Amino acid sequence: MSLKYAVLAALLEGEASGYELSKVFDVSLANFWPATPQQLYRELERLAGDGLIEARTVQQERRPTKRLFSLTEAGRERLGAFAVEPTRRPTAVRDEFLIKMQAMDGADPDAVRALVEERRAWALGKLARYERVRERLLDGRTEERHLREADRVGPYLTLLAGITFERDNARWCERVLTVLDERRAPAGPAGQPSGLSDLG
């Protein structure tokens, strides 16, 4: 999949500037389709050239002129066709951090622990941001009511995927930290660290 479909999907929320789109990506799409602001601006120009989006210029007092982008009918049709195309097999995880975990045995335990704590803090930070977005989307409604009555549920459902992903990341990091602590505990009667258990 190319970045263009992620941009088109983001514009389903309505007209937006390149800056506003970069914020949408940072909060709701970066977890599964990251993009830099420069990539977004280049893609916006391509999509406008292809007639899938249109741009209008807005004059602002005491601020630079900005361009607002919105979907064209052709863009909506293209996105609708994309939404029901068969999906290729899920992308395999490629994570440098997990390679480091694979090679952790024999490394400085304090350094390994620091890496895991950093990853956990990152996951919890993203989770807190996602929860704030969730509250804004619900706007005082229950989840069940939102999913039953909202005009669009796609953004909420993908947000739930991000929340689940980061919760699992945080839980896994907590498990790893527990294992690291147990392995450093005094050896038990069988010569094994007391309380040692696997990651299962």
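Start with strand S3 (63–71): S3 gives the second largest pocket the largest share of its lining, five residues. (Helices here are DSSP runs of H or I with at least four residues, strands are E runs of at least two, and both are numbered from the N terminus.) You're in a predicted model, where local features need pLDDT of at least 70 and side-chain atom pairs count only at pLDDT 80 or more, while totals for chains, interfaces and linings use all residues. Numbering runs from 1 along each chain as its sequence is written, and side-chain values use heavy atoms, with hydrogens and water left out.

Now select the whole pocket lining: Ser17, Gly18, Tyr19, Glu20, Tyr41, Glu45, Gln60, Arg63, Pro64, Lys66, Arg67 and Phe69. A pocket, on a 1 Å grid over the protein atoms alone, is an open set of points where a 1.4 Å probe fits, with protein on both sides within 12 Å along at least five of seven lines; lining residues have an atom within 4 Å of a point. The volume of this one is about 230 Å³, meaning the space filled by probe spheres set on the points, which are joined across faces, edges and corners. Helix H2 (18–29), helix H3 (37–49) and S3 each bring at least two residues to the lining. Colour by class and you get four nonpolar, three polar and five charged residues. (Nonpolar covers Ala, Val, Leu, Ile, Met, Phe, Trp, Tyr, Cys and Pro; charged covers Asp, Glu, Lys and Arg; the others, Gly among them, are polar.)

Next, the sheet. Show the three strands of this open, antiparallel sheet, in the order S1-S3-S2. At the edges are S1 (16–17) and S2, each pairing on one side only. Two strands pair if DSSP finds at least two bridges between them. S1 and S3 have two bridges; click Ala16 to find its bridge partner in S3, Phe69.

S2 (residues 53–60) and S3 (residues 63–71) pair over seven bridges. Two residues separate the strands of this hairpin, and Arg62 in the turn has a positive phi of about 60°.

Now hop to the helices. Select H6 (109–138) and H8 (154–184), which pack at about 155° with axes 8 Å apart. (Axes are lines fitted to C-alpha atoms, for helices over the stretch in contact; angles run from 0 to 180 degrees between N-to-C directions.) That makes H6 and H8 roughly antiparallel. Their contact has 19 nonpolar, two polar and 13 charged residues.

Last stop: H1 (3–10) and H4 (73–83), at about 115° with axes 10 Å apart. H1 and H4 are therefore roughly perpendicular. (Under 35 degrees is roughly parallel, over 145 roughly antiparallel, 65 to 115 roughly perpendicular, and the rest oblique.)
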